[in-house]
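Student: I am new to this structure and would like to understand it step by step. May we begin with a single residue and then turn to the whole protein?

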Amino acid sequence: SAATHLEQRADLFYYGEQWELGALLQQYQTIDETILNNDLPYRKLPQLQANGLFPTAHDPLEFTLGSEYVYFEHPEAGSPTLTVADNADRARSAAGVRYNFRRSWGHLVPSYSHRYRYYSIYGGPLDQQEPHLAVPVFNVDSGLLFDRLFQFRDHAFIQTLEPRLYYLYVPYRDQNHLPLFDTAKNSFGFEQLFRDNRFTGGDRIGDANQVSLGFTSRFIDSDGGLERLNLGLGQTFYLQDRQVQLFPTDPVDTTDVSPYVARSYWMIDNNWSWRTETQIDTAVNNLDTLVTGLAYRGDEGNVLNLNYNYYDNGT
């Protein structure tokens, strides 16, 4: 097994018409003894979240509010060899507004949010420090939906063509003074084309000035409404370098375009399906990744998966 940590967690969530509330307790048992103390994952004791969506009398106009509090505790807190924080409080907020215009033929959703985070750190090189960060995030998500009826082997299908254009702007803010508790860089894929942050977790907000273009085509069974085939292709065009990185020593991203990302999902029958996603860097004519897999879901709950993963950084 390639597992290095075993997760232990408890969650409690509430979903209402306007509010979503969540509470999490999480820690890890590290089973790889070669991992250094500084690299051990922090415990979250607890993580509390509250997210709200508030429509207005002008129906497409909506206000959003997100908030989070986490208490981080290092499993080796108090060790004299530790060079990261022993524990810390982190508070995050995101207040925003969006114009959520959606119709059967497409959508246009411009949005703006102001994101803020604050830390209170104990132990380690940032002991008793309270760094903070405020960053505005602006994006416009737009798309169209075309469909047609067609016959294939005497069977009726609906085929869609769904072009999607996404613009994201986040100004650069120096974040090298902020600690890292639960943050990593997202794996690049089709869904990442339309996200507003290239990092997971809450310690980094990536600067961006970019446009993503994607196309999706679905083949839907007219009789049962099942999506039999889904095809997607997309790419991101970067209008400026990406300076925010996880660590100060990480190089700035200077590429002008992302690799092409293609994905497919084929529901072969009611039991068998096949998924594929690939990335091709045409600048250097390199196949960066290929992830493909065949899955079987039996009527009695039997599951069989066969997967193949290929990764190449182009060097």
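Student: Does L304 count as buried, exposed or partly exposed, and why?

Tutor: The model is a predicted one. Buried means under 20% relative accessible area and exposed means over 50%, with partly exposed in between. L304 has a relative accessibility of 49%, so its class is partly exposed.

Student: In which strand is the place of L304?

Tutor: The strand in question covers residues 303-311.

Student: With which residues is L304 in contact, leaving aside its neighbours within four places in sequence?

Tutor: A contact requires heavy atoms within 4.5 Å. With the neighbours within four places in sequence left aside, the partners of L304 are W272, L294, A295, Y296 and R297.

Student: How far apart in space are L304 and Q245?

Tutor: In sequence, L304 and Q245 are separated by 59 residues. Taken from C-alpha to C-alpha, their separation in space is 39 Å.

Student: How many helices and strands does the protein have?

Tutor: The protein has zero helices.

Student: What share of the residues of the protein count as buried?

Tutor: A residue counts as buried under 20% relative accessible area. The protein has 315 residues, and the share of them that count as buried is 34%.

How values were computed: Residues numbered from 1 in each chain as written. Predicted model: local features only at pLDDT ≥ 70, side-chain atom pairs only at ≥ 80, totals over all residues. Heavy atoms only, no water. Helix = DSSP H or I, 4+ residues; strand = E, 2+ residues; numbered from the N terminus. Buried < 20%, exposed > 50% of the residue type's maximum accessible area, 1.4 Å probe, protein only.
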